[in-house]
Amino acid sequence: MEEKEKFKNLSVEPDTKILSESYFKVGEYDAKGEVWIWDGIMALSLIFLKADVEHFSKDELLKIVRSEVPIGDDYTFTDTGEYLLFNYGFKY
């Protein structure tokens, strides 16, 4: 399955504006990166198809992410049911 195809069902909150998006691999897993702004807060999201990474614990997945992406210590983790998102790099 093409990377973009995996993320076709990803929804965006109506009051969130996506400034940029990209598709790449984190380890061997397809990921989508987004830079967004919501309510005056700018941040980044790193998104995985849950089916691709659900065999990892949250800590294991965080270790994989941190090996390639500098997300720092200020992040949130969201499970949408179909996707797992790391939101990080918050600028208030």
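Predicted model: local features only at pLDDT ≥ 70, side-chain atom pairs only at ≥ 80, totals over all residues.

Reply: Residues are numbered from 1 along each chain as its sequence is written, and side-chain values use heavy atoms, with hydrogens and water left out.

Rings of Phe, Tyr and Trp (for Trp, the six-membered ring) form a pair if their centres lie within 6.5 Å, and the pair is called stacked when the planes are under 30 degrees apart, edge-to-face when they are over 60, and tilted otherwise. By that rule there are seven aromatic pairs. Helices (H or I, at least four residues) and strands (E, at least two) are DSSP runs numbered from the N terminus. Trp36 is buried, with a relative accessibility of 12%, and Phe90 is buried too, at 18%; buried means under 20% relative accessible area, exposed over 50%, and partly exposed in between, with a 1.4 Å probe and protein chains only.

A second pair joins Tyr75 and Phe86, whose ring centres are 6.1 Å apart and whose planes stand at 55°, so the pair is tilted. Tyr75 belongs to strand 4 (residues 75-79) and Phe86 to strand 5, and these two residues, 11 apart, link distant parts of the chain. Tyr75 is partly exposed at 28%, whereas Phe86 is buried at 0%. Elsewhere, ring pairs join Phe7, Tyr23 and Tyr83 into a cluster.

Phe86 also leads on to the nonpolar cores, where a core is a set of buried Ala, Val, Leu, Ile, Met, Phe, Trp, Tyr and Cys residues joined through side-chain atoms within 4.5 Å. The largest core has 15 residues, of which Leu46, Phe48, Val65 and Phe86 touch the most other members. Strand 2, strand 3, helix 3 (58-66) and strand 5 each give two or more residues to this core, and helix 3 gives the most, with four. A second, separate core has six residues, among them Phe7, Ile47, Leu49 and Leu85. As for Phe48, contact being heavy atoms within 4.5 Å, and leaving out residues up to four places away in sequence, its partners include Phe7, Leu61, Val65, Tyr83 and Phe86.

Next comes the largest pocket. On a 1 Å grid over the protein atoms alone, a pocket is an open set of points with protein on both sides within 12 Å along at least five of seven lines, unlike a cavity, where a 1.4 Å probe fits but cannot get out; lining residues have an atom within 4 Å of a point. The largest pocket holds about 470 Å³ of space, a volume being the space filled by probe spheres set on the points, which are joined across faces, edges and corners. Its lining counts 21 residues, and Glu13, Thr16, Ser45, Leu85 and Asn87 lie nearest the centre. Two or more lining residues come from each of strand 1 (16-26), strand 2, strand 3 (41-49), strand 4 and strand 5, and strand 5 supplies the largest share, four residues.

Asp74, in the loop between helix 3 and strand 4, is partly exposed at 45%, and residues including Asn87, Gly89 and Phe90 touch Asp74. The C-alpha atoms of Asp74 and Gly89, 15 residues apart along the chain, are 7.1 Å from each other. Lys50, in helix 2 (residues 50-53), is partly exposed at 24%, and its C-alpha is 5.4 Å from that of Glu82, although 32 residues separate them in sequence. Ile18, in strand 1, is partly exposed at 27%, and beyond its neighbours within four places in sequence Ile18 is in contact with Val12, Glu34, Val35 and Trp36.
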